[in-house]
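Please keep the sequence and the 3D view at hand while reading.

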Amino acid sequence: MSDNKKTNIKKPDVKFCSSCVYPSSSAVSLEFDKNGKCSGCNISTEKETINWQDRKLKLKKLFKNYEKKGNKHYDCIIPVSGGKDSYFQAHIVKELGYNALLVTYNANNYTETGLKNVQKMRESFGFDHIFYTPAVNTLKKLNRLGMLVMGDMNWHAHSGIFTYPIRVAVEKNIPLMIWGEHGRTDVGGMFSHNDFIEFTYRDRLEHACRGFEWNDMIKFGEKYGESLTEKEMYAWIYPSDEEIDRVGVRGIFISNYVKWEANEHLKLVKEKYGFLESEVEFERTYRKMSNLDDMHENGLHDYLKFIKFGYGRTSDHASKDIRANLMDRKKGVQEVMKRDHIKSNDLIRWLNYVGWDEKKFDEVCDQFRDPRTWWIKNGNWMKKDIDGKEKEYGKVVLPNKMRNKFYIE
């Protein structure tokens, strides 16, 4: 009798949305209706039923209510990376006639094109801009710790983006913060667009920070020999409730007020502000407009999502384009099969950056594979692809003592 029969470990059976290309193993929680259509697809259809002119009026009224509150020089803060979404957020605020303070957390991974775009933002919009870069040695420690603790070398970036701009809001007494889309509504249909979800500390901690705070990283640093101090962690320490309440910090998602469609935004910001797309193709997605602020978001960081959950950035982008009627599902499936599994070349840059070799990287990666997606056959990792076929994806390097949670053929 096999170990799997003894412990009743079942072979994974990943299902895929009948409309887009998302799997049931998605990192963003999905539900499927009786027709096999995912909640992300169902909620996305709301966009065609909403009176966006009325929503724009609500946004204008909201801004009006914040006039003369807090800082007399700035009407709001826009956390920006310099990507197409940042440009669109800044465009809306400028169009409404208000003055924003742009705040950037620099993860130190900009592509050449992405850096040009973020530098152009001050010239394009006439807004002041704080561009904050943590100490590079601290970033390297957090890269290594993120991989060891949660299989995510970019924990520091997710946390920093949703922490440092809020520190600025408190320090400069600017209560209104303008975020882009609510990702888990846009991708997975977690909420309705009629819920008017706003930014919360809980959302930041549970989703962006993967449940880990800055002091957790100090403790893990002690465990793994990556010494960190509270002073080093300044950019990742969220303001206290008392500080938030004193200023009245409030974060709204502009996708609740303006129709959110990235391809349409791209046309606008290219024509009006000279936004640049990547001159070279990415290995793990066909899009050339997304994630230019961090070379690893479309590459190594996304490869880690494939390692964990069995899908990647092409699935994200194809699903969005299918929902926007810019791609049919057949083409989406072709793109997913072509790209989602690629171990991208930016791995070389990251290994040199943190001082690891590829063997160590692979050994750490294997510890974070999801048994809902992966199983082991003849010493190889197996998963079910969107074309319905079972396919082998590399040798297992996970230690034998850690394999007992996986189905083994």
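## The second largest pocket

The second largest pocket holds about 330 Å³ of space. The model it belongs to is a predicted one. Rolling a probe the size of a water molecule over the atoms shows where empty space is left.

Its lining is made up of 16 residues, and those nearest the centre of the second largest pocket are Thr111, Ser278, Val280, Glu281 and Phe282. By residue type, the lining of the second largest pocket splits into 7 charged, 6 polar and 3 nonpolar. Helix α5, residues 112-125, contributes the most to this lining, with 3 residues.

## Aromatic pairs

A total of 27 aromatic pairs is found in the structure. In one of them, Trp350 and Trp356 have ring centres 5.4 Å apart and planes at 85 degrees; planes over 60 degrees apart count as edge-to-face, so this pair is edge-to-face. Trp350 and Trp356 are both buried.

Trp381 and Phe406 form another pair, with ring centres 4.9 Å apart and planes at 65 degrees, so the pair is edge-to-face. Trp381 belongs to strand β7 (residues 380-384), while Phe406 is in the segment after β8 (390-395); the pair therefore ties together parts that are 25 residues apart in sequence. Both Trp381 and Phe406 are buried.

## The aromatic cluster

Which residues do ring pairs link into a cluster? The members are Tyr303, Phe306, Trp350, Trp356, Phe361, Trp374, Trp381, Tyr393 and Phe406. Among them are the buried residues Trp350 and Trp356, as well as Trp381 and Phe406, which are also buried.

## Charges over rings

Two arginines are placed against aromatic rings in the following way. The charged end of Arg349 sits over the ring of Tyr353, at 4.4 Å from its centre. Arg55 lies over the face of Trp52, and here the distance from the ring centre is 5.7 Å.

## Cysteines

How many disulfides does the structure hold? The number is 0. For Cys38, the closest cysteine sulfur is that of Cys41, 3.7 Å from its own. A disulfide requires the two sulfur atoms to be within 2.5 Å, so the sulfurs of Cys38 and Cys41 are too far apart for a bond.

Is Cys38 buried or exposed? Its relative accessibility is 0%, so Cys38 counts as buried. Cys209 has a relative accessible area of 0% and is likewise buried; the cut-off for buried is under 20% relative accessible area.

Note on methods. Residues numbered from 1 in each chain as written. Predicted model: local features only at pLDDT ≥ 70, side-chain atom pairs only at ≥ 80, totals over all residues. Heavy atoms only, no water. Phe/Tyr/Trp six-rings, centres within 6.5 Å; stacked < 30°, edge-to-face > 60°. Buried < 20%, exposed > 50% of the residue type's maximum accessible area, 1.4 Å probe, protein only. Helix = DSSP H or I, 4+ residues; strand = E, 2+ residues; numbered from the N terminus. Lys NZ or Arg CZ within 6 Å of the ring centre and 35° of its normal. 1 Å grid on protein atoms, 1.4 Å probe; cavity = no way out; pocket = protein on both sides within 12 Å on 5 of 7 lines; lining within 4 Å. Points joined across faces, edges and corners; volume = space filled by probe spheres on them. Nonpolar A, V, L, I, M, F, W, Y, C, P; charged D, E, K, R; others polar.
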